[in-house]
Structure formats: C-alpha cells, structure tokens
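Please read this report alongside the sequence and the model.

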Amino acid sequence: MRRAELVMALALGVLSAYLMVKSAELPIGWIPREGPGGGAFPFWLSAGMLVCCVFIVLRWVLRQSPVSRSAELYFNPAARGTVMIVIIALTLMIGSIHIIGIYFAIPLFLLYYVRVIGRHNWLLSLGVSISAPVISFFFFEIALHITLPKGYSEPLFYPLYDIFL
Amino acid sequence: METLDLLMLGFGIALEPLNLALVFFGCALGLFIGAMPGLGSVNGVAILLPMTFLVPPTGAIIFLAAIYYGAMYGGAISSIMLGIPGASTAVATTFDGRPLALAGKADQALITAAGASFIGGTVSVVLFTLFAPPLAEVALAFGSAEEFALMMLAFATFIGLGGDDIPKTLFSICIGLVLSAVGLDIISGEPRLIFGGLPGFFHGINFLVLAIGIYGIGEMLWTIESSSDGVKVSQASFGVGRIVLHLKGLKNTLKTTLMGSLLGYFVGILPAAGATPGSIMAYGMAKTMSKDPDSFGKGNIEGVAAPESANNAASTGSMLPMLTLGIPGSPTTAILLGGMVIWGLEPGPMLFVEHQDFVWALIASLYVANLAAMLINLAFIPAFIAILRTPFTILAPIIFVLCLVGGYAPTQSLHDIWLMLIFGVVGYLMRKLDYPLAPAVLAIVLGPLAETSMRQALIMSDGSLMIFFERPISGTIMGIAIVLFVLPAAKIYRSSIARKNN
C-alpha cells in the first residue's frame with residue numbers, strides 16, 4: 001500500500017505537468033479586452049493538481065495519511081485475478097462492438113460472465129444473455145429512437161427496422 | 001386571496017381527466033427514465049417533447065413537467081440500488097444511499113428519498129405559489145460575479161465532503177475542473193486539451209462518462225474485489241409494516257428535509273444554478289450541521305433526505321425564472337421553455353397576464369404530480385428491492401452492460417465508452433488509495449459554469465479579482481465560502497493537536 005501511494009502520487013504529478021504543458025498550447029495570460037486566455041483556467045488548475053501531489057508526497061514522507069502507514073498489500077491476492085479478468089473482458093467487449101456490434105458483443109460478454117465467472121447453469125446464462133439485448137433493442141431503438149452501434153452486423157437489422165420503425 | 005382563487009381555477013384544469021391521466025403517465029415514465037443510469041430528466045423531457053403534439057398545449061406542458069418530476073424521484077433509485085447516480089442531480093444521494101442499501105436498509109433509503117422528495121416538492125410549490133413574482137426579481141440581480149461566488153460556495157462544501165485528506169480532495173476537484181475544460185473553449189472557440197488529436201475530445205467530456213466510469217465500472221470492480229471472500233450484497237426485507245414504520249421515521253429527518261427544501265428552492269431559482277449544486281450544498285450543509293458528521297458517507301439517512309428534498313425543491317424553483325422571466329434555471333427547464341415556445345406560450349412577465357389559466361393549471365399540476373410521483377414510487381419499491389436479491393454474479397454483468405448503453409446513449413460515441421472504461425479503472429485504483437472521487441464528478445458538472453462566470457466577471461472588472469468581493473451579494477457568498485474552506489482545515493489542525501497532547 002505504501003509503495004502504491006507514492007507511485008500513484010508521482011504518476012498523477014506527471015499527469016498534472018503534462019496537462020499544464022497541454023493547456024499552455026493556448027494563451028494562458030491576460031489578453032487585453034478578452035480577459036484570461038483560453039488556456040488559463042485549465043493551466044492554473046493543473047498547477048493546483050501538481051501542488052496537491054507535492055503535498056501528498058510530503059504527507060507520505062511524514063507518514064501522515066492512513067494509506068502511507070498501511071502495511072496491507074495494494075491488491076488483495078485472492079481477488080486480483082478476478083478483477084483482471086473482468087477488466088480484460090470489458091476491454092474485449094468494447095473492442096468487439098466496433099466489429100460485431102453491440103447486439104452481439106453484449107450477449108457474448110454476459111454469457112461469459114454469468115456462465116464462466118458466475119458458474120450459473122446454462123438455462124439461466126442463456127436467458128440473461130438473450131433477454132438483455134432484446135430489451136435494449138426495444139427500449140433504445142424503438143421507444144427512444146437512439147441507435148446503438150452495430151458494426152458490420154448492421155444489415156441484419158434491416159428487417160427489424162422495417163417491422164418496427 | 002386572489003392567489004387562492006387562481007390556484008383553485010388551476011386545480012379545476014389540472015384535475016380534468018385527460019390532464020390527470022397525463023400527470024400519472026408522465027410521472028411513471030419519468031420515474032423509469034430517471035432510474036436508468038445515464039438517462040436523466042433532460043433526456044426524458046427532450047426525447048418525449050415531440051410526443052406532446054398529440055394533446056392540447058396545457059396538457060403537453062403538464063405532461064413534460066410530470067416527466068421532470070418523476071425523473072427527479074427516479075434518479076434516487078439507481079443511486080441507492082446500484083450506487084450509480086441516475087442523473088447529476090442524484091450524485092449526492094449515492095454517498096449515503098449506497099451504504100444504506102449495502103447494509104440491508106435499501107427500503108428505508110428509498111422510502112426516505114421518496115418522502116423527502118415529496119416534502120421538498122411540496123414546500124417549494126407552496127413557496128412558488130406565494131412568492132413567484134417578487135423572487136423572480138432577486139434572481140435578476142445575479143450577475144456573473146454572483147454566479148461564480150455561488151460555484152465557489154459549492155466547491156467549498158465539497159471540501160467538507162471529501163474526508164480528512166485535504167490535498168487529495170483538492171486534487172480531485174482540480175482534475176474534475178480540468179476535465180470539464182476539454183473541448184472547445186467557450187469564449188474564444190479554440191480547441192483545447194485535445195489529447196492525441198482524437199476527434200472525440202472536441203465535444204468535451206460529458207459528466208456522465210466520468211460519473212458512470214467511476215460509480216458504475218469503478219464501483220463494480222471495487223465490489224468484485226471486496227466480495228471475493230464471499231461477502232454478498234445484503235438483502236432487505238420488505239412489507240407494508242416496514243413502509244409505515246419508515247414513513248413514521250421520516251419525522252426524525254424532518255429538520256434536515258425542510259432545510260434541504262428551502263436551500264434547494266433558493267438555489268434552484270437562480271438562473272443557471274439548478275438542482276445539482278442545490279443538492280450538493282444541502283448534503284454539505286446537513287453534514288456540517290449534524291451532531292455526528294463522521295457517520296455521513298457511511299449510511300446516515302439524513303444524507304439521503306437532504307439532497308433528495310433539495311433536488312426536488314430546486315426543480316420546482318428552477319421553473320420560476322423560466323415562467324416569469326424566460327430564463328431557464330436548469331437544462332431541463334431550458335427544454336421545457338423550448339416546448340412552451342413551440343406552443344405559442346411565450347414565457348416572461350406577460351405570461352401571467354395573458355395565459356393566466358395555463359400558468360395556474362401548471363402550478364396546480366405540480367401539486368398533483370408531486371403526489372402522483374410519490375405514490376408510483378412507493379408502489380414500485382418492492383420491484384426495486386427484488387433487484388437486490390439477484391445474485392451478484394448476474395447483477396454485475398448486467399450493470400456493466402447498463403453502464404455501457406447508458407454511457408453511449410447521450411452522445412452516441414464509442415470514444416466515450418473507451419474513456420468511461422479508462423476512468424473506471426483509474427478511479428478504482430485511486431479509490432483504493434483513499435482519493436475521494438465524488439468531488440471530481442461534481443467539479444466536472446459545475447466546471448463550465450464556473451469558468452464562464454469567472455471569465456465574464458473578470459472581463460467586466462478588467463482583471464480585478466475585487467469584483468467578487470465588492471458586490472454585496474457575491475461578497476457575502478464568497479465570505480461564507482471562505483469560512484467553509486477554512487473550517488475543515490482548522491478542524492483537522494485542532495484534532496491533530498489533540499492527538500499530540502494525548
């Protein structure tokens with residue numbers, strides 16, 4: 001925990017510095033008759049972030065904050081694997097939306113999660129994975145007229161549009 | 001007594017069968033839209049605006065106002081049940097609503113939210129009825145300096161929310177504000193903070209992307225990690241007896257609720273402020289005034305009552321400048337305003353003279369909508385409780401999917417979904433190190449307002465910061481904000497001295 005606190009504070013400090021540089025692409029000073037430049041607001045706030053990081057590191061050195069005194073592991077070893085798998089599954093699902101579309105990515109994700117991680121029976125797993133996209137379709141596409149991304153699966157939906165829209 | 005006569009006239013119209021049916025239908029619809037993470041009253045009113053062409057103008061506006069009301073009640077539901085704020089107005093409700101649900105008190109939290117919303121709504125409609133015209137003039141005295149002072153006050157209350165680690169809280173506020181600056185600069189129109197030149201950054205970072213990332217994905221990852229030892233979501237029992245018990249329990253939070261209602265109403269009236277800062281300030285105020293401030297954030301029922309009464313009060317309050325001056329107090333009222341203009345009901349001082357029956361029918365319908373929304377809400381609580389009985393390994397993936405579609409719906413860009421995932425993972429890693437993340441979400445909501453009002457005020461004063469202190473209203477608000485900034489620091493200093501003495 002103690003090491004993680006320092007690493008996070010330093011990483012956020014670097015991020016703050018990067019945001020300062022990025023904000024400075026726009027004028028950060030006073031422009032006559034126009035007021036503060038477009039970059040001023042984010043620039044000074046990023047500077048504020050950097051100052052906060054300095055204080056966080058200072059408190060780390062002095063062991064003032066509870067996490068900087070903690071001897072616990074940053075990741076609970078029993079859960080680390082599951083959390084990583086979930087993050088990877090989410091990444092794959094979002095990535096696959098670009099290709100197979102949301103109506104195929106969602107059931108695959110649900111099926112994997114409920115069946116493999118949750119160890120529920122096939123009936124329940126299939127029930128959840130099939131009903132979720134069907135409900136989403138009627139709620140978003142039909143009731144609210146919000147089109148969800150379909151990737152290359154778009155043509156498969158033309159008959160459905162003809163029926164419902 | 002003239003007001004009372006007019007109100008009676010209004011009730012006569014609002015209670016016509018068609019209008020009454022529209023109120024109930026609108027509230028039920030609003031409740032569901034509000035309860036969906038990602039969709040709030042703005043989306044509901046905007047999406048359903050065209051559907052109102054099927055009914056007469058008065059009915060149409062009553063219907064839209066009922067959706068607005070229903071969504072205000074509904075926002076609390078996903079905040080409490082899923083820990084994801086359904087809309088920015090319900091962000092503060094998650095702080096204590098979620099811990100209560102985890103402790104098996106979801107029914108108490110939901111009933112208190114409904115009760116507090118009802119009281120907040122009623123108090124503000126009564127105030128609205130009595131003081132509409134004079135209050136509208138106060139709102140007009142609010143310039144950019146006053147607006148900025150109000151934002152500072154809202155930020156000052158965050159410091160109290162963030163816990164003991166002040167540098168981390170301030171960091172969280174700052175990063176929220178910086179993220180809100182991404183996109184096109186509002187004054188010069190130049191693009192700024194376009195990371196990697198990605199076109200998706202041009203429309204800025206919607207607050208929902210951050211909120212759903214942190215409260216949806218981050219929260220779920222957190223729960224997966226902490227539940228790996230077999231800890232399950234606590235279950236809540238439910239019955240008529242418990243409803244009565246919790247409704248009776250409402251009187252314990254009455255003081256907080258009334259305070260939240262008044263605060264919410266006045267913040268709601270101010271143009272551009274609206275229900276979000278109102279509910280946050282009410283939460284901060286309840287915490288500051290409480291005898292036991294440490295229990296806030298861990299499941300104090302007053303932490304649900306305060307923001308919920310305030311956001312409903314503010315939603316009524318924000319209709320006031322809209323009707324009397326034509327200045328919308330919130331994004332939703334801006335759309336309502338658009339709806340009224342379509343119908344030829346030009347808001348402004350003349351509205352009260354030329355379309356008296358419409359105005360009073362709308363006000364009367366707010367009384368009815370408030371009651372209807374509470375009844376519908378109470379009726380559906382058992383269904384919401386049932387959600388909690390679902391095993392976590394089924395609920396979790398469904399919530400992930402809800403986050404995904406909910407995050408996609410407002411902007412319809414996959415870029416935002418990726419950002420949401422990044423925010424969720426980074427937020428989860430930061431949360432493990434006690435970084436308070438709520439201030440960042442609140443800051444990204446208020447950021448654009450704060451920046452615009454600050455820059456406008458500085459242009460007016462030609463760069464002198466004194467403008468915020470010289471004007472009486474903004475000076476007073478700034479003074480309170482500074483006291484609130486200093487107070488938590490002083491408290492920590494005092495307790496650290498006390499610790500050393502021990």
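## Tyr215(B) and the nonpolar core

In this predicted model, Tyr215(B) touches Gly83(B), Ile84(B), Pro85(B), Val91(B), Thr94(B), Phe95(B), Ala438(B) and Val441(B), when residues up to four places away in sequence are not counted. Tyr215(B) also belongs to the largest nonpolar core, which has 212 residues, and it is listed with Phe171(B), Ile205(B), Phe400(B), Tyr435(B) and Phe468(B) as the residues that touch the most other members. The largest share of this core, 17 residues, is supplied by helix α17 (residues 356-389) of chain B, and at least three residues come from each of domain 1 (1-74) and domain 2 (76-164) of chain A.

## The domains of chain A

Chain A is divided into domain 1, covering residues 1-74, and domain 2, covering residues 76-164. Between the C-alpha centres of these two domains of chain A there is a distance of 38 Å.

## Helix α6 of chain A

The buried residues of α6(A) are Ser125(A), Val128(A), Ser129(A), Ala132(A), Pro133(A), Ser136(A), Phe137(A), Phe140(A) and Glu141(A).

What covers these buried residues? The cover includes α5 (102-117) and α7 (158-164) of chain A, together with α18 (392-411) of chain B. After α6(A) comes His145(A), whose phi is positive, near 60 degrees.

## A helix pair in chain B

Helix α4 (residues 57-81) and helix α15 (residues 331-342), both of chain B, pack with their axes 10 Å apart and at an angle of about 170 degrees. Angles over 145 degrees count as roughly antiparallel, and α4(B) and α15(B) are therefore described in that way. On the α4(B) side, Ile61(B), Leu64(B), Ala65(B) and Tyr68(B) take part in the meeting, while α15(B) contributes Thr332(B), Thr333(B), Leu336(B), Gly339(B) and Met340(B).

## Two buried positions in chain B

Glu451(B) is placed in helix α20 (residues 438-461) of chain B. Is Glu451(B) buried or exposed? Its relative accessibility is 2%, and because buried means under 20%, Glu451(B) counts as buried. Leaving aside residues up to four places away in sequence, Glu451(B) touches Gly38(A) and Phe41(A), as well as Asp185(B), Ile186(B) and Arg192(B).

Asn300(B), by contrast in setting, lies in the loop between α12 (275-289) and α13 (302-317) of chain B, and with a relative accessible area of 13% Asn300(B) is buried. Although Asn300(B) and Pro99(B) are 201 residues apart in sequence, their C-alpha atoms are 8.4 Å apart in space. With residues up to four places away in sequence again left out, Asn300(B) touches Asp96(B), Leu100(B), Asp292(B) and Ser295(B).

## Two arginines with positive phi

Arg63(A) is not a glycine, yet its phi is positive, at about 55 degrees. Arg63(A) is found in the loop between α2 (40-61) and α3 (66-69) of chain A, where it is partly exposed, with a relative accessible area of 43%.

Arg119(A), which is likewise not a glycine, has a positive phi of about 55 degrees, and its place is in the loop between α5 and α6 of chain A. At 70% relative accessibility, Arg119(A) counts as exposed.

Notes:
Residues are numbered from 1 along each chain as its sequence is written. Chains are lettered from A and ligands numbered from 1 in the order in which they are written. This is a predicted model: local features need pLDDT of at least 70, side-chain atom pairs count only at pLDDT 80 or more; totals for chains, interfaces and linings use all residues. Side-chain values use heavy atoms; hydrogens and water are left out. Buried means under 20% relative accessible area, exposed over 50%, partly exposed in between (1.4 Å probe, protein chains only). Helices (H or I, at least four residues) and strands (E, at least two) are DSSP runs, numbered from the N terminus. Contact means heavy atoms within 4.5 Å. A nonpolar core is a set of buried Ala, Val, Leu, Ile, Met, Phe, Trp, Tyr and Cys residues joined through side-chain atoms within 4.5 Å. Domain bounds come from an automatic or database domain assignment. Axes are lines fitted to C-alpha atoms, for helices over the stretch in contact, and angles run from 0 to 180 degrees between N-to-C directions. Angles under 35 degrees count as roughly parallel, over 145 as roughly antiparallel, 65 to 115 as roughly perpendicular and the rest as oblique.
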